[in-house]
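Dear colleague,

Please find below the structure that I am handing over to you.

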Protein chains: 2
Amino acid sequence: MNKPAENKQWLLKQFVQADEVLGEQHYEMVSSPMPTIGDQQILVQTLLLGTSPAQRMYVTEQRTFHIAVEIGEVMSGRGVGLVLESKHPDFKSGDIIQATLGWQQYVALTPDDKTDTGKNVRTVQKVDQPVRPLTTIMGLFGQLAFSAYVGIIEIGQVKPGDVVLISSAAGGVGSVACQLARIQGAAKVVGIAGGKEKCQWLLEQGLCDAAIDYKSEDLVTAIASHCPDGADVYLDNVGGDMLDAALQNIAVGARVVICGMISTEYLNPRPDGPKHYFNLLYKRSRMEGFFVFDYVPRWPEFEIKLRQWYSEGKLKLVDDVFEGLESAPIALGSLFTGGHTGGCVIRVAEDPLEIPSL
Amino acid sequence: MNKPAENKQWLLKQFVQADEVLGEQHYEMVSSPMPTIGDQQILVQTLLLGTSPAQRMYVTEQRTFHIAVEIGEVMSGRGVGLVLESKHPDFKSGDIIQATLGWQQYVALTPDDKTDTGKNVRTVQKVDQPVRPLTTIMGLFGQLAFSAYVGIIEIGQVKPGDVVLISSAAGGVGSVACQLARIQGAAKVVGIAGGKEKCQWLLEQGLCDAAIDYKSEDLVTAIASHCPDGADVYLDNVGGDMLDAALQNIAVGARVVICGMISTEYLNPRPDGPKHYFNLLYKRSRMEGFFVFDYVPRWPEFEIKLRQWYSEGKLKLVDDVFEGLESAPIALGSLFTGGHTGGCVIRVAEDPLEIPSL
């Protein structure tokens with residue numbers, strides 16, 4: 001292979017402040033020398049990078065999240081990579097992996113180094129039979145799909161006949177969650193999204209039975225009309241007023257799954273909590289949060305199930321692709337401004353199957 | 001037996017309004033004729049009545065609770081009674097029972113009538129080997145103890161080594177909950193109560209390892225100092241600021257159990273929700289409410305366990321007794337003004353073992 005001499009990287013330049021939209025101004029692109037590898041290491045080329053709202057929490061000054069990027073460090077993020085060189089017995093040149101690659105073209109990884117798991121989650125997963133296009137791996141067998149899996153199946157415990165309400169339904173987690181709810185036998189899947197176009201897209205893609213546009217509809221009324229007996233499961237990615245509207249419309253024994261709180265997590269001071277939390281008592285219901293990284297040991301199990309549903313045609317990819325490492329800050333920022341449908345993947349380099357010189 | 005001609009009853013006269021303290025003015029005491037019984041019925045004399053904060057919700061105009069007393073109806077409440085006369089094969093004169101007797105001296109019950117279960121919960125439990133004094137049955141093998149059982153064991157899932165925080169620790173549910181937490185192997189039981197006297201009482205009675213006086217201490221600071229690594233379980237009977245203070249001090253994987261919300265449930269409009277609910281995400285924790293009446297089929301199982309712990313000396317009764325049916329509204333009101341320690345039981349008639357003419 002033609003190993004280039006330089007490695008473009010996005011370093012964190014400044015923390016994102018409350019109320020600020022994440023963007024290029026928070027990062028600095030630099031050209032670093034190509035990394036070299038030692039014993040038990042692998043050299044990886046970044047092909048794709050995923051995006052997740054949680055990544056915003058990596059770069060706030062409060063350091064509340066378990067993953068935290070310091071000023072001058074490479075921005076953290078998981079992706080799909082190609083092994084270019086290996087000094088580790090389990091990996092060879094040409095392997096496709098998923099790992100926390102960071103926002104950079106090339107990275108030296110130590111697959112057995114678990115010392116920083118829980119902070120930067122460098123878990124390296126070899127992808128044994130890579131599905132093409134590789135964006136499928138990123139969107140359906142990666143972190144966001146695993147979040148949907150944990151939210152809908154592990155915490156939400158969706159069962160046949162349930163009415164399932166999903167916020168950010170047109171997002172990376174939500175779009176998979178809608179499909180998983182149906183796979184689990186939900187009687188009705190109601191998605192919430194911002195704007196008529198996204199709602200139409202949700203219905204056209206067959207992700208939801210009904211879609212609510214939070215920008216033009218009264219949420220409490222709309223949820224009540226689509227879930228007249230209440231929602232059995234609500235997957236919350238938003239928090240704030242949307243969570244409160246959902247809490248006004250839960251069924252007895254409901255599971256409210258807190259996957260994220262994109263509407264409030266960058267407000268300072270924090271807004272008030274959901275007034276209708278008392279329905280957790282009246283409706284004998286549960287509200288529970290989770291981190292997908294707590295489930296790392298079970299990711300292979302999730303992947304097997306997701307691959308099976310994919311091969312059976314029950315699960316499809318609906319992600320948007322942003323081109324080039326340069327687009328990373330804009331791609332991540334778009335999660336907060338609503339400028340995309342499905343998950344949002346950054347293509348850093350072409351799939352090696354397309355590169356004859358490999 | 002000498003069957004009296006009249007039956008004193010407390011009827012609901014007016015609904016309790018937001019911000020109002022529940023008292024005698026909401027009830028009217030009347031003398032009604034003695035009830036007579038038909039086939040499959042039993043005539044029961046009320047010996048003891050329990051009190052529970054939930055009873056306030058029976059008499060609010062909003063009818064949000066699943067048990068609702070109408071104007072002119074006998075106030076609902078569970079108690080311990082003596083069977084005076086039986087036309088039901090499973091009951092005989094002299095039996096001691098637990099049932100929803102209502103605030104009255106005598107009542108005709110239909111043990112097999114489950115039609116109103118879920119509204120008035122008339123479940124009749126025969127007490128096979130009545131422990132003396134009978135207040136023990138009311139306080140340790142009755143509804144409040146079952147609430148503590150569900151809160152600590154079923155929902156809270158307290159396990160050895162847990163740090164357990166309990167609000168209203170000096171109340172009827174809290175005082176049993178503290179003991180159950182220790183029985184489950186909690187490393188530390190921290191109780192919250194109002195006033196230095198109650199806190200001293202909690203420590204003197206050996207119910208808690210530490211006690212916090214919410215009237216004189218800053219809750220957030222005090223909880224943090226007693227639970228430096230966070231609380232694994234918080235049993236909430238209070239809601240409002242106390243719940244929020246607890247949510248600021250939960251451990252990873254915590255269970256926040258909503259047993260009641262005495263601080264807010266009679267406020268209209270409702271106050272804001274707990275701002276720090278977002279810790280449910282950051283700490284991957286769960287907040288869940290329950291109704292003890294949903295567990296009616298399991299009450300006998302709970303009673304067996306509670307009786308065993310009682311016989312082993314691990315569980316003791318710490319309840320206050322109010323004398324006479326006349327005291328019922330004041331006794332119930334005292335739950336909201338904090339004027340008692342332990343549970344609060346109303347003695348309506350003497351234990352029949354003390355009445356030779358039976």
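**Where the two chains meet**

Strand E13 (residues 286–289) of chain A and E13(B) pair in the antiparallel sense, and three bridges join them. Please bear in mind that this is a predicted model. Within this pairing, A:Glu288 stands opposite B:Arg286 in E13(B).

The contact as a whole draws 22 residues from chain A and 22 residues from chain B. On the side of chain B that touches chain A, the elements giving two or more residues are helix H8 (279–282) and strand E13 (286–289) of chain B. Of these, E13(B) supplies the largest share, with four residues. Sorted by class, this side of chain B has 11 nonpolar, seven charged and four polar residues.

**Two helices in chain B**

Chain B also contains a contact between helix H6 (residues 219–226) and helix H7 (residues 240–247), whose axes come within 9 Å and cross at roughly 40°.

Which residues of H6(B) meet H7(B)? They are B:Leu219, B:Val220 and B:Ile223, and on H7(B) they meet B:Asp241, B:Met242, B:Ala245 and B:Ala246.

Yours sincerely,
A colleague

Methods. Residues numbered from 1 in each chain as written. Chains lettered and ligands numbered in written order. Predicted model: local features only at pLDDT ≥ 70, side-chain atom pairs only at ≥ 80, totals over all residues. Contact = placed C-beta atoms within 7 Å. Nonpolar A, V, L, I, M, F, W, Y, C, P; charged D, E, K, R; others polar. Pairing = 2+ DSSP bridges. Axes fitted to C-alpha atoms, helices over the stretch in contact; angles between N-to-C directions.
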